[in-house]
Amino acid sequence: MGNFHIVSNNPMVAEKYPDLTEFEKDSKVKDIFAEGRNSIHLGANLINHPLAGSIKPNQSPYKSLVMSNEKGELDMFSLKLIEGALQVLKKFPPRGIEYDEQTLEDFQVIDLDLLDSAIDSLPYEYHE
């Protein structure tokens, strides 16, 4: 296992990391960010950057956040990151585009790749 969990609306993430993922199938990116913010308020730390990658948050319908399992005091750095991501999302309203299945799958692969990179970069204590 690990000392972290994943909040995601990406089915590929849920399939690859079933024991670590809180899968929110019908959630939008803003819902994933809000869930991350709620966890931060409860003492979790945000481990990966919510805006990682070069895709604007209104372009991809998928987002995955890595959150610490260990709870502590409110981490202001994590809170600022997630609040900043929510503000960026507000600047870029949903595009209202209906993507075809291949494009949706491409966005899932990109999100999974970013997540894999974040997990591979985690310090040892998160993998215990």
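Two strands are said to pair if DSSP finds at least two bridges between them, where strands (E, at least two residues) and helices (H or I, at least four) are DSSP runs numbered from the N terminus. In this predicted model, local features need pLDDT of at least 70 and side-chain atom pairs count only at pLDDT 80 or more, whereas totals for chains, interfaces and linings use all residues. Residues are numbered from 1 along each chain as its sequence is written, and side-chain values use heavy atoms, with hydrogens and water left out.

By that criterion, 3 strands make an open sheet of mixed pairing, in the order S2-S1-S3. Its edge strands, S2 (21–23) and S3, each pair on one side only, and neighbouring strands are turned against each other by 25 degrees on average, direction ignored. Strand S1 (residues 4–8) runs antiparallel to S3 and is joined to S3 by 5 bridges; in that pairing Val7 has Leu65 of S3 as its bridge partner, and His5 stands opposite Met67.

Although S3 is an edge strand, 5 of its 5 residues are buried, so S3 is largely enclosed by the rest of the structure; buried here means under 20% relative accessible area, exposed means over 50%, and partly exposed lies in between (1.4 Å probe, protein chains only). Both faces of S3 are covered, with Ser64, Val66 and Ser68 buried on one side and Leu65 and Met67 buried on the other.

Helix H2 lies across S1, S2 and S3, and runs at about 5 degrees to S3, the axes being lines fitted to C-alpha atoms (for helices over the stretch in contact) and the angles running from 0 to 180 degrees between N-to-C directions. His41 belongs to H2 and counts as partly exposed because its relative accessibility is 47%. Leaving aside neighbours within four places in sequence, His41 is in contact (heavy atoms within 4.5 Å) with Leu74 and Leu79; the C-alpha atoms of His41 and Leu74 are 6.0 Å apart, although 33 residues separate the two along the chain.

Leu79 leads on to helix H3, where Ser78, Leu79, Leu81, Ile82, Ala85, Leu86 and Leu89 are buried. Seen down the axis of H3, these buried residues fall within an arc of 165 degrees, so they line one face of the helix, the arc being that of the directions from the helix axis to the C-beta atoms. What covers the buried residues of H3 includes helix H2 (29–41) and strand S3 (64–68), while the face turned away from the buried side carries the exposed residues Phe77, Lys80, Lys90 and Lys91.
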